[in-house]
Amino acid sequence: MPLRHTRRSRVLVVLAVAGSALAAVPAATGSSPPSPPPAHAAPPLRTASAWLPYWNQDAAFKSALRHKDQLHTVSPFWYQAKSAGRVAAHSGAGDRRVVDGLHRAGIKVVPTVMETMAPGALAAVVTDPGHRATHIEELLRTVRLGAYDGLDLDYESIAPTGDAAYRKVRDGYATMVTDLCRRLHALRKQCVITVSPKTAGTGRVWDYQRLGRAADRLRVMAYNLHWAEGRPGPLSTPAWYEDILRRATREVPRRKLEMGLPAYGWDWAVGKRDRARHVTSVEAEALRRKVGAPYRIDPASRTPHFTYEEGGTRRTVWYQDARGTAAHLPALRRHRVTNTVLWALGFEDPALWRVLARG
(Lines give C-alpha, C1' and ligand atoms only; values in the text may rest on other atoms or scores of the structure.)
Protein backbone atom coordinates (compact mmCIF):
# COMPACT_ATOMS: atom_id res chain seq x y z
CA MET A 1 0.00 0.00 0.00
CA PRO A 2 1.20 3.50 -0.41
CA LEU A 3 4.23 3.60 1.80
CA ARG A 4 4.91 6.59 3.99
CA HIS A 5 8.47 7.88 4.59
CA THR A 6 8.08 10.65 7.18
CA ARG A 7 4.40 9.85 7.47
CA ARG A 8 1.74 7.82 5.59
CA SER A 9 1.08 9.11 1.98
CA ARG A 10 -0.14 4.16 -0.17
CA VAL A 11 4.60 -13.50 -10.01
CA LEU A 12 7.03 -17.50 -12.29
CA VAL A 13 10.08 -17.59 -14.38
CA VAL A 14 10.32 -15.55 -17.62
CA LEU A 15 12.52 -17.00 -20.31
CA ALA A 16 16.06 -15.69 -19.91
CA VAL A 17 16.12 -14.68 -23.55
CA ALA A 18 12.95 -12.62 -23.21
CA GLY A 19 14.22 -10.92 -20.04
CA SER A 20 17.55 -10.07 -21.61
CA ALA A 21 15.94 -8.73 -24.73
CA LEU A 22 13.64 -6.47 -22.75
CA ALA A 23 16.46 -5.08 -20.65
CA ALA A 24 18.32 -4.17 -23.83
CA VAL A 25 15.45 -2.20 -25.39
CA PRO A 26 16.18 1.54 -25.54
CA ALA A 27 13.79 4.16 -24.17
CA ALA A 28 10.50 3.71 -25.98
CA THR A 29 8.59 6.53 -27.62
CA GLY A 30 5.27 6.70 -29.40
CA SER A 31 1.60 7.22 -28.84
CA SER A 32 0.91 3.78 -27.34
CA PRO A 33 2.87 1.54 -24.96
CA PRO A 34 4.38 -1.50 -26.65
CA SER A 35 2.64 -4.72 -25.69
CA PRO A 36 4.52 -7.21 -23.48
CA PRO A 37 5.63 -10.39 -25.24
CA PRO A 38 2.76 -12.85 -25.85
CA ALA A 39 1.85 -15.24 -23.08
CA HIS A 40 2.81 -18.91 -23.32
CA ALA A 41 0.30 -21.73 -23.13
CA ALA A 42 1.43 -23.03 -19.74
CA PRO A 43 -1.13 -22.36 -17.00
CA PRO A 44 -0.17 -19.60 -14.54
CA LEU A 45 0.99 -20.43 -11.05
CA ARG A 46 -0.59 -19.05 -7.92
CA THR A 47 2.35 -16.97 -6.82
CA ALA A 48 0.65 -13.62 -6.37
CA SER A 49 -1.07 -11.90 -3.49
CA ALA A 50 -2.83 -8.55 -3.71
CA TRP A 51 -4.40 -5.92 -1.54
CA LEU A 52 -8.06 -5.03 -2.08
CA PRO A 53 -8.82 -1.35 -1.34
CA TYR A 54 -12.14 -0.82 0.43
CA TRP A 55 -12.78 2.46 -1.44
CA ASN A 56 -12.68 0.59 -4.77
CA GLN A 57 -14.10 -2.68 -3.48
CA ASP A 58 -16.39 -3.74 -6.33
CA ALA A 59 -13.82 -3.18 -9.08
CA ALA A 60 -11.07 -4.78 -7.01
CA PHE A 61 -13.22 -7.83 -6.21
CA LYS A 62 -14.04 -8.30 -9.90
CA SER A 63 -10.33 -8.07 -10.76
CA ALA A 64 -9.53 -10.74 -8.16
CA LEU A 65 -12.10 -13.12 -9.63
CA ARG A 66 -10.85 -12.51 -13.18
CA HIS A 67 -7.36 -13.54 -12.08
CA LYS A 68 -8.23 -16.21 -9.54
CA ASP A 69 -5.86 -18.74 -11.13
CA GLN A 70 -2.88 -16.53 -10.25
CA LEU A 71 -3.91 -15.29 -6.81
CA HIS A 72 -3.46 -17.39 -3.69
CA THR A 73 -4.25 -14.63 -1.18
CA VAL A 74 -6.20 -11.38 -1.17
CA SER A 75 -5.89 -8.89 1.67
CA PRO A 76 -8.86 -6.55 1.88
CA PHE A 77 -7.75 -3.23 3.38
CA TRP A 78 -10.48 -3.39 5.99
CA TYR A 79 -9.22 -2.57 9.50
CA GLN A 80 -7.42 0.23 11.29
CA ALA A 81 -5.76 0.04 14.71
CA LYS A 82 -6.69 3.14 16.71
CA SER A 83 -5.15 2.17 20.03
CA ALA A 84 -3.97 -0.88 21.95
CA GLY A 85 -7.55 -1.89 22.68
CA ARG A 86 -9.37 -0.71 19.58
CA VAL A 87 -9.30 -1.94 15.98
CA ALA A 88 -11.93 -0.15 13.89
CA ALA A 89 -13.53 -1.34 10.65
CA HIS A 90 -13.45 0.57 7.36
CA SER A 91 -16.49 0.76 5.11
CA GLY A 92 -17.35 -2.63 3.63
CA ALA A 93 -15.26 -4.60 6.12
CA GLY A 94 -16.29 -8.22 6.38
CA ASP A 95 -18.50 -8.11 3.28
CA ARG A 96 -19.68 -11.73 3.01
CA ARG A 97 -20.12 -11.44 -0.74
CA VAL A 98 -16.41 -10.67 -1.05
CA VAL A 99 -15.21 -13.21 1.52
CA ASP A 100 -17.38 -16.04 0.23
CA GLY A 101 -16.67 -15.19 -3.40
CA LEU A 102 -12.91 -15.28 -2.86
CA HIS A 103 -13.15 -18.54 -0.95
CA ARG A 104 -15.21 -20.14 -3.72
CA ALA A 105 -12.46 -19.09 -6.12
CA GLY A 106 -9.87 -20.87 -3.97
CA ILE A 107 -8.32 -17.64 -2.67
CA LYS A 108 -7.44 -17.13 0.99
CA VAL A 109 -8.77 -13.99 2.66
CA VAL A 110 -6.21 -12.35 4.97
CA PRO A 111 -7.47 -8.83 5.77
CA THR A 112 -5.05 -6.03 6.46
CA VAL A 113 -4.92 -4.08 9.70
CA MET A 114 -3.23 -0.72 9.19
CA GLU A 115 -2.82 2.11 11.69
CA THR A 116 -2.73 5.89 11.81
CA MET A 117 -1.95 6.48 15.45
CA ALA A 118 -0.53 9.76 16.69
CA PRO A 119 3.27 10.07 16.54
CA GLY A 120 4.80 7.81 19.19
CA ALA A 121 1.53 6.08 20.09
CA LEU A 122 2.28 2.82 18.29
CA ALA A 123 5.80 2.79 19.72
CA ALA A 124 4.27 3.10 23.19
CA VAL A 125 2.01 0.11 22.49
CA VAL A 126 4.72 -2.22 21.22
CA THR A 127 7.25 -1.39 23.94
CA ASP A 128 4.88 -2.00 26.88
CA PRO A 129 4.16 -5.69 27.69
CA GLY A 130 0.67 -4.93 28.98
CA HIS A 131 -0.29 -2.84 25.97
CA ARG A 132 1.15 -5.49 23.63
CA ALA A 133 -0.96 -8.19 25.25
CA THR A 134 -4.10 -6.02 25.06
CA HIS A 135 -3.48 -5.29 21.40
CA ILE A 136 -2.88 -8.93 20.51
CA GLU A 137 -6.23 -9.86 22.07
CA GLU A 138 -7.94 -7.15 20.03
CA LEU A 139 -6.29 -8.43 16.84
CA LEU A 140 -7.42 -11.98 17.63
CA ARG A 141 -10.95 -10.68 18.17
CA THR A 142 -10.74 -9.07 14.73
CA VAL A 143 -9.67 -12.26 12.97
CA ARG A 144 -12.60 -14.07 14.60
CA LEU A 145 -15.10 -11.52 13.22
CA GLY A 146 -15.29 -13.25 9.86
CA ALA A 147 -14.29 -16.45 8.16
CA TYR A 148 -10.79 -15.11 7.67
CA ASP A 149 -7.66 -17.13 6.99
CA GLY A 150 -5.36 -14.86 8.96
CA LEU A 151 -4.27 -11.25 9.38
CA ASP A 152 -1.83 -8.91 7.63
CA LEU A 153 -0.29 -6.19 9.82
CA ASP A 154 0.71 -2.99 8.01
CA TYR A 155 2.04 -0.83 10.85
CA GLU A 156 4.08 1.93 9.26
CA SER A 157 4.21 4.81 11.74
CA ILE A 158 7.12 3.23 13.61
CA ALA A 159 9.28 3.36 10.46
CA PRO A 160 10.73 6.86 11.11
CA THR A 161 11.51 6.14 14.79
CA GLY A 162 14.52 8.24 15.84
CA ASP A 163 17.96 7.20 17.02
CA ALA A 164 17.19 7.31 20.73
CA ALA A 165 14.40 4.77 20.65
CA TYR A 166 14.59 2.71 17.48
CA ARG A 167 16.26 -0.36 19.04
CA LYS A 168 13.63 -0.54 21.78
CA VAL A 169 10.79 -0.08 19.28
CA ARG A 170 12.31 -2.63 16.87
CA ASP A 171 12.56 -5.22 19.63
CA GLY A 172 9.10 -4.48 20.99
CA TYR A 173 7.46 -4.79 17.59
CA ALA A 174 9.29 -8.05 16.83
CA THR A 175 8.19 -9.42 20.21
CA MET A 176 4.56 -8.45 19.57
CA VAL A 177 4.63 -10.04 16.09
CA THR A 178 6.20 -13.22 17.48
CA ASP A 179 3.50 -13.52 20.13
CA LEU A 180 0.70 -12.67 17.69
CA CYS A 181 1.89 -15.19 15.08
CA ARG A 182 2.10 -17.92 17.70
CA ARG A 183 -1.49 -17.23 18.74
CA LEU A 184 -2.72 -17.07 15.13
CA HIS A 185 -0.98 -20.33 14.30
CA ALA A 186 -2.70 -21.96 17.28
CA LEU A 187 -5.98 -20.95 15.60
CA ARG A 188 -4.67 -22.29 12.26
CA LYS A 189 -4.59 -18.78 10.86
CA GLN A 190 -1.88 -17.15 8.76
CA CYS A 191 0.32 -14.36 10.11
CA VAL A 192 1.47 -11.90 7.43
CA ILE A 193 3.62 -8.85 8.16
CA THR A 194 4.06 -5.88 5.83
CA VAL A 195 7.23 -3.79 6.13
CA SER A 196 9.07 -1.05 4.29
CA PRO A 197 12.32 -1.83 2.45
CA LYS A 198 15.53 -2.20 4.37
CA THR A 199 18.44 -0.48 2.58
CA ALA A 200 21.61 1.30 3.66
CA GLY A 201 19.56 4.32 4.75
CA THR A 202 16.08 2.97 5.53
CA GLY A 203 14.18 0.29 7.40
CA ARG A 204 16.42 -0.29 10.40
CA VAL A 205 13.41 -0.35 12.75
CA TRP A 206 12.34 -3.68 11.21
CA ASP A 207 14.02 -6.78 12.61
CA TYR A 208 13.71 -8.81 9.42
CA GLN A 209 15.25 -11.92 10.99
CA ARG A 210 12.81 -12.14 13.89
CA LEU A 211 9.82 -11.08 11.80
CA GLY A 212 10.76 -13.61 9.13
CA ARG A 213 11.03 -16.42 11.67
CA ALA A 214 7.65 -15.66 13.20
CA ALA A 215 5.52 -14.81 10.14
CA ASP A 216 4.24 -16.97 7.32
CA ARG A 217 5.10 -14.21 4.87
CA LEU A 218 6.98 -10.92 4.99
CA ARG A 219 5.70 -8.40 2.46
CA VAL A 220 8.19 -5.72 1.42
CA MET A 221 6.58 -2.55 0.05
CA ALA A 222 9.03 -2.00 -2.80
CA TYR A 223 7.58 1.26 -4.06
CA ASN A 224 7.52 4.99 -3.30
CA LEU A 225 11.22 5.49 -3.92
CA HIS A 226 9.79 8.85 -5.00
CA TRP A 227 6.53 9.74 -3.31
CA ALA A 228 3.72 12.24 -3.01
CA GLU A 229 5.55 14.80 -0.87
CA GLY A 230 8.98 14.43 -2.42
CA ARG A 231 10.57 15.27 -5.73
CA PRO A 232 9.23 13.73 -8.95
CA GLY A 233 10.75 10.45 -10.07
CA PRO A 234 10.15 6.71 -10.45
CA LEU A 235 8.38 4.69 -7.79
CA SER A 236 11.04 1.98 -8.08
CA THR A 237 14.12 1.01 -10.07
CA PRO A 238 15.87 -2.30 -10.82
CA ALA A 239 18.95 -1.10 -8.91
CA TRP A 240 16.84 -0.32 -5.85
CA TYR A 241 15.22 -3.76 -6.10
CA GLU A 242 18.69 -5.31 -6.14
CA ASP A 243 19.63 -3.45 -2.95
CA ILE A 244 16.38 -4.42 -1.21
CA LEU A 245 16.63 -8.09 -2.19
CA ARG A 246 20.31 -8.51 -1.31
CA ARG A 247 19.52 -7.51 2.25
CA ALA A 248 16.14 -9.23 2.55
CA THR A 249 17.33 -12.62 1.28
CA ARG A 250 20.18 -12.62 3.80
CA GLU A 251 17.72 -12.32 6.67
CA VAL A 252 14.46 -13.96 5.55
CA PRO A 253 13.85 -17.33 3.84
CA ARG A 254 13.07 -16.67 0.18
CA ARG A 255 9.88 -18.73 0.34
CA LYS A 256 8.51 -16.27 2.91
CA LEU A 257 9.33 -13.08 1.02
CA GLU A 258 6.73 -11.25 -1.06
CA MET A 259 7.98 -8.33 -3.13
CA GLY A 260 5.45 -5.52 -3.25
CA LEU A 261 4.80 -4.22 -6.77
CA PRO A 262 3.09 -0.89 -7.54
CA ALA A 263 0.12 -0.51 -9.88
CA TYR A 264 -0.14 3.24 -9.49
CA GLY A 265 1.80 6.47 -9.86
CA TRP A 266 2.10 10.10 -8.80
CA ASP A 267 1.26 13.26 -10.72
CA TRP A 268 3.45 16.19 -9.56
CA ALA A 269 3.24 19.91 -10.28
CA VAL A 270 6.77 20.64 -11.47
CA GLY A 271 8.64 23.17 -9.33
CA LYS A 272 5.93 23.38 -6.67
CA ARG A 273 5.67 21.97 -3.18
CA ASP A 274 2.11 20.74 -3.65
CA ARG A 275 1.43 17.16 -2.68
CA ALA A 276 1.33 14.97 -5.78
CA ARG A 277 -1.95 13.49 -6.99
CA HIS A 278 -2.36 9.73 -6.74
CA VAL A 279 -3.19 8.00 -10.02
CA THR A 280 -3.77 4.33 -10.66
CA SER A 281 -1.93 2.72 -13.57
CA VAL A 282 -5.19 2.75 -15.54
CA GLU A 283 -5.80 6.42 -14.74
CA ALA A 284 -2.23 7.39 -15.65
CA GLU A 285 -2.43 5.72 -19.04
CA ALA A 286 -5.85 7.26 -19.74
CA LEU A 287 -4.46 10.70 -18.82
CA ARG A 288 -1.42 10.20 -21.08
CA ARG A 289 -3.69 9.45 -24.02
CA LYS A 290 -6.01 12.34 -23.20
CA VAL A 291 -3.22 14.92 -23.18
CA GLY A 292 -1.53 13.37 -26.22
CA ALA A 293 1.80 12.71 -24.51
CA PRO A 294 4.08 10.11 -26.12
CA TYR A 295 4.71 6.87 -24.26
CA ARG A 296 8.27 6.87 -22.91
CA ILE A 297 10.22 4.45 -20.75
CA ASP A 298 12.94 6.00 -18.62
CA PRO A 299 16.14 4.10 -19.49
CA ALA A 300 17.48 4.13 -15.93
CA SER A 301 14.41 3.15 -13.92
CA ARG A 302 12.64 1.27 -16.75
CA THR A 303 9.35 2.93 -15.79
CA PRO A 304 6.95 5.01 -17.90
CA HIS A 305 6.56 8.76 -17.44
CA PHE A 306 5.20 11.78 -19.27
CA THR A 307 4.66 15.52 -18.87
CA TYR A 308 1.74 17.77 -19.75
CA GLU A 309 0.39 21.26 -19.17
CA GLU A 310 -2.63 22.10 -17.01
CA GLY A 311 -3.79 25.66 -16.49
CA GLY A 312 -0.33 27.06 -17.11
CA THR A 313 1.34 24.54 -14.77
CA ARG A 314 3.72 21.90 -16.07
CA ARG A 315 3.00 18.51 -14.53
CA THR A 316 4.91 15.24 -14.65
CA VAL A 317 3.56 11.73 -14.07
CA TRP A 318 5.62 8.67 -13.12
CA TYR A 319 3.80 5.37 -12.85
CA GLN A 320 4.22 1.62 -13.33
CA ASP A 321 2.65 -0.60 -15.97
CA ALA A 322 3.09 -4.11 -17.38
CA ARG A 323 6.13 -3.22 -19.50
CA GLY A 324 7.87 -1.52 -16.60
CA THR A 325 7.13 -4.41 -14.26
CA ALA A 326 8.52 -6.87 -16.81
CA ALA A 327 11.79 -4.94 -16.74
CA HIS A 328 11.94 -5.09 -12.93
CA LEU A 329 11.19 -8.81 -12.48
CA PRO A 330 14.69 -10.00 -13.51
CA ALA A 331 15.96 -8.64 -10.18
CA LEU A 332 13.54 -10.98 -8.38
CA ARG A 333 14.64 -13.91 -10.51
CA ARG A 334 18.31 -13.25 -9.80
CA HIS A 335 17.58 -13.45 -6.08
CA ARG A 336 15.22 -16.46 -6.51
CA VAL A 337 12.24 -14.61 -5.03
CA THR A 338 9.11 -15.81 -6.80
CA ASN A 339 6.29 -14.35 -4.69
CA THR A 340 4.82 -10.91 -5.22
CA VAL A 341 2.05 -8.80 -3.72
CA LEU A 342 0.28 -6.09 -5.72
CA TRP A 343 -0.83 -2.67 -4.56
CA ALA A 344 -3.60 -2.79 -5.55
CA LEU A 345 -6.41 -4.73 -7.21
CA GLY A 346 -8.40 -2.58 -9.63
CA PHE A 347 -5.47 -0.17 -10.15
CA GLU A 348 -3.46 -2.35 -12.52
CA ASP A 349 -2.64 -2.32 -16.20
CA PRO A 350 -4.65 -5.34 -17.49
CA ALA A 351 -1.55 -6.66 -19.30
CA LEU A 352 0.25 -6.95 -15.95
CA TRP A 353 -1.29 -10.36 -15.25
CA ARG A 354 0.33 -11.89 -18.34
CA VAL A 355 3.67 -10.54 -17.17
CA LEU A 356 3.21 -11.97 -13.67
CA ALA A 357 2.16 -15.32 -15.10
CA ARG A 358 5.52 -15.58 -16.88
CA GLY A 359 7.50 -14.48 -13.84
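Visitor: T325 first. Buried or exposed?

Guide: T325 is buried, at 3% relative accessible area. Buried means under 20%, exposed over 50% and partly exposed in between, using a 1.4 Å probe and protein chains only.

Visitor: What sort of model is this?

Guide: The model is predicted, so local features need pLDDT of at least 70 and side-chain atom pairs count only at pLDDT 80 or more, while totals for chains, interfaces and linings use all residues. Residues are numbered from 1 along each chain as its sequence is written, and side-chain values use heavy atoms, with hydrogens and water left out.

Visitor: What does the protein chain average in pLDDT?

Guide: The average is 90, and 88% of the residues score at least 70. pLDDT is the predictor's confidence in each residue, from 0 to 100.

Visitor: Where does pLDDT stay under 50?

Guide: Over residues 4-30, where the model has 76 contacts beyond four places in sequence, and over residues 37-41, with six such contacts. Contact means heavy atoms within 4.5 Å.

Visitor: Back to T325. Which helix is it found in, and what does it touch?

Guide: T325 is in helix 10, residues 322-334. Helices (H or I, at least four residues) and strands (E, at least two) are DSSP runs, numbered from the N terminus. Not counting residues up to four places away in sequence, T325 touches L261, Q320, L352, V355 and L356.

Visitor: Which residues line the second largest cavity?

Guide: The lining is P262, A263, S281, Q320, D321, A322, T325, E348, D349 and L352. On a 1 Å grid over the protein atoms alone, a cavity is a set of points where a 1.4 Å probe fits but cannot get out, and lining residues have an atom within 4 Å of a point.

Visitor: How much space lies in there, and what is the lining by class?

Guide: About 30 Å³. A volume is the space filled by probe spheres set on the points, which are joined across faces, edges and corners. The lining has four nonpolar, three polar and three charged residues. Ala, Val, Leu, Ile, Met, Phe, Trp, Tyr, Cys and Pro count as nonpolar, Asp, Glu, Lys and Arg as charged, and the others, Gly among them, as polar.

Visitor: New topic. How many disulfides does a search of the whole structure find?

Guide: One. A disulfide is a pair of cysteine sulfur atoms within 2.5 Å. Here C181 is joined to C191, S to S 2.0 Å, and the link is left-handed, with -60 degrees about the S-S bond. C181 is in helix 6 (residues 166-186) and C191 in strand 7 (residues 190-195), 10 residues apart.

Visitor: Are those two buried or exposed?

Guide: C181 is buried at 0%, and C191 is buried at 1%.

Visitor: Which residues have a positive phi without being glycine?

Guide: Among them are R188, with phi near 60 degrees, and N224, at about 70 degrees. R188 is in the loop between helix 6 and strand 7 and is exposed, at 80%. N224 lies in the loop between strand 8 (217-220) and helix 8 (238-251) and is buried, at 0%.

Visitor: And which residues does a cis peptide bond join?

Guide: W343 and A344, with omega about 5 degrees. A344 is in the loop between strand 15 (340-343) and helix 11 (352-358).

Definitions and conventions. On a 1 Å grid over the protein atoms alone, a cavity is a set of points where a 1.4 Å probe fits but cannot get out, and a pocket is an open set with protein on both sides within 12 Å along at least five of seven lines; lining residues have an atom within 4 Å of a point.
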